[in-house]
Amino acid sequence: FFLMIRRPPRSTQSRSSAASDVYKRQVEGLTKSFNYYGNPNAEVLVVISDFEGNMFDQKNIEYGLLQNGIKSRRRTFKQLRNTIKRNFETGQLYVEGVEIALVYFRNGYQYDQYENEEDWRVREEIEVNCAVKCPTIAVSYTHLRAHETGRNLVCRLLLEKK
């Protein structure tokens with residue numbers, strides 16, 4: 001299951017209600033994806049960068065999920081290196097012992113966002129399990145093509161099939 005949500009417009013005083021509606025739709029889409037997984041005790045993993053300059057829109061979404069009874073945890077690739085595990089028999093993904101139903105990428109969609117091979121190993125662990133994956137909301141199809149590398153070519157091809 002693959003979810004793509006469009007980025008919200010920049011919020012201004014005249015467009016703040018429109019931006020609020022977009023956030024509500026994003027939370028609704030993420031909630032539906034989470035529910036699709038089928039375990040209400042699982043959590044959402046938000047993959048972030050070491051320096052998050054755009055954290056407040058993410059917090060709105062996480063707060064919306066929490067209002068729907070869905071917990072989330074924010075982690076960088078570096079933080080996940082020693083805490084991410086996969087159950088090879090069931091395909092379930094775990095972070096710090098907690099089952100992950102949905103992985104929401106706010107980082108990791110460009111080649112230069114991976115420091116080393118360990119970060120690529122973490123990304124592989126995230127991709128090869130049964131958790132729902134959501135590319136970052138800031139990514140659009142056009143953005144993805146503009147930054148295409150060999151490693152994200154597969155992601156672009158998956159999007160083209162939709």
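User: Tyr114 and Trp120: buried or exposed?
Analyst: Both Tyr114 and Trp120 are buried. Bear in mind that this is a predicted model.

User: How many aromatic pairs does the structure hold?
Analyst: There are two aromatic pairs. One is Phe77 with Tyr114: the ring centres are 5.0 Å apart and the planes are at 35°, so the pair counts as tilted. Phe77 is in helix H3 (residues 77-80) and Tyr114 is in the loop between E5 and H4, so this pair links parts of the chain that are 37 residues apart in sequence. Phe77 is buried, as is Tyr114. Tyr114 also pairs with Trp120, and that pair is stacked, with 3.8 Å between centres and 15° between planes.

User: Which residues form the aromatic cluster?
Analyst: Phe77, Tyr114 and Trp120 form one cluster.

User: Moving to H4. Which of its residues are buried?
Analyst: Asp119, Trp120, Val122, Arg123, Glu125 and Ile126.

User: And what covers them?
Analyst: The cover for the buried residues of H4 includes strand E1 (43-48), H3, strand E3 (84-86), E4, E5 and strand E6 (132-134).

User: What caps the N-terminal end of H4?
Analyst: Asn116 does. One of its side-chain oxygens is 2.9 Å from the backbone nitrogen of Glu118.

User: Why does Arg123 count as buried?
Analyst: Its relative accessibility is 16%, and the cut-off for buried is under 20%, so Arg123 qualifies. Arg123 belongs to helix H4, which spans residues 117-127.

User: What does Arg123 contact, leaving aside neighbours within four places in sequence?
Analyst: Phe77, Phe105, Gly108 and Tyr114. With Phe105 there is a specific arrangement: the charged end of Arg123 sits over the ring, 4.0 Å from its centre. Two of the other contacts, Phe77 and Tyr114, are members of the aromatic cluster.

User: Other arginines. Where is Arg74, and is it buried or exposed?
Analyst: Arg74 is in strand E2, residues 72-76. Arg74 is buried, at 14% relative accessible area.

User: Which side chain does Arg74 make a polar contact with?
Analyst: The side chain of Glu62, at 2.6 Å. Beyond four places in sequence, Arg74 touches Val46, Ile48, Glu52, Met55, Gln58, Lys59, Glu62 and Gln79.

User: Where does Arg106 lie?
Analyst: In the loop between E5 and H4. Arg106 is buried, with a relative accessible area of 8%. Its side chain makes a polar contact of 2.8 Å with the side chain of Tyr104. The C-alpha of Arg106 is 5.1 Å from that of Ile48, although 58 residues separate the two along the chain. Ile48 is also one of the residues that Arg74 touches.

User: Which non-glycine residue has a positive phi?
Analyst: Glu96 has one, at about 55°. Glu96 is in the loop between strand E4 (93-95) and strand E5 (98-105). At 38% relative accessibility, Glu96 counts as partly exposed.

User: Zooming out: how many helices and strands?
Analyst: Six helices and six strands. Along the sequence the pattern is α-β-α-β-α-β-β-β-α-β-α-α.

User: What share of the residues is buried?
Analyst: Buried residues are 45% of the 162 in the chain.

User: What share of the contacts is between residues 24 or more positions apart?
Analyst: 73%, taken over contacts with a separation of 6 or more.

User: What's the average pLDDT?
Analyst: The chain averages 78, and 70% of the residues score at least 70.

User: Where does pLDDT stay under 50?
Analyst: Over residues 11-15, for which the model has four contacts beyond four places in sequence. Residues 147-159 also stay under 50, and there the model has 19 such contacts.

Technical notes
Residues numbered from 1 in each chain as written. Predicted model: local features only at pLDDT ≥ 70, side-chain atom pairs only at ≥ 80, totals over all residues. Heavy atoms only, no water. Helix = DSSP H or I, 4+ residues; strand = E, 2+ residues; numbered from the N terminus. Buried < 20%, exposed > 50% of the residue type's maximum accessible area, 1.4 Å probe, protein only. Contact = heavy atoms within 4.5 Å. Polar contact = N/O pair within 3.5 Å; in protein donor to acceptor, adjacent residues only side chain to side chain. pLDDT = per-residue confidence, 0-100. Phe/Tyr/Trp six-rings, centres within 6.5 Å; stacked < 30°, edge-to-face > 60°. Lys NZ or Arg CZ within 6 Å of the ring centre and 35° of its normal.
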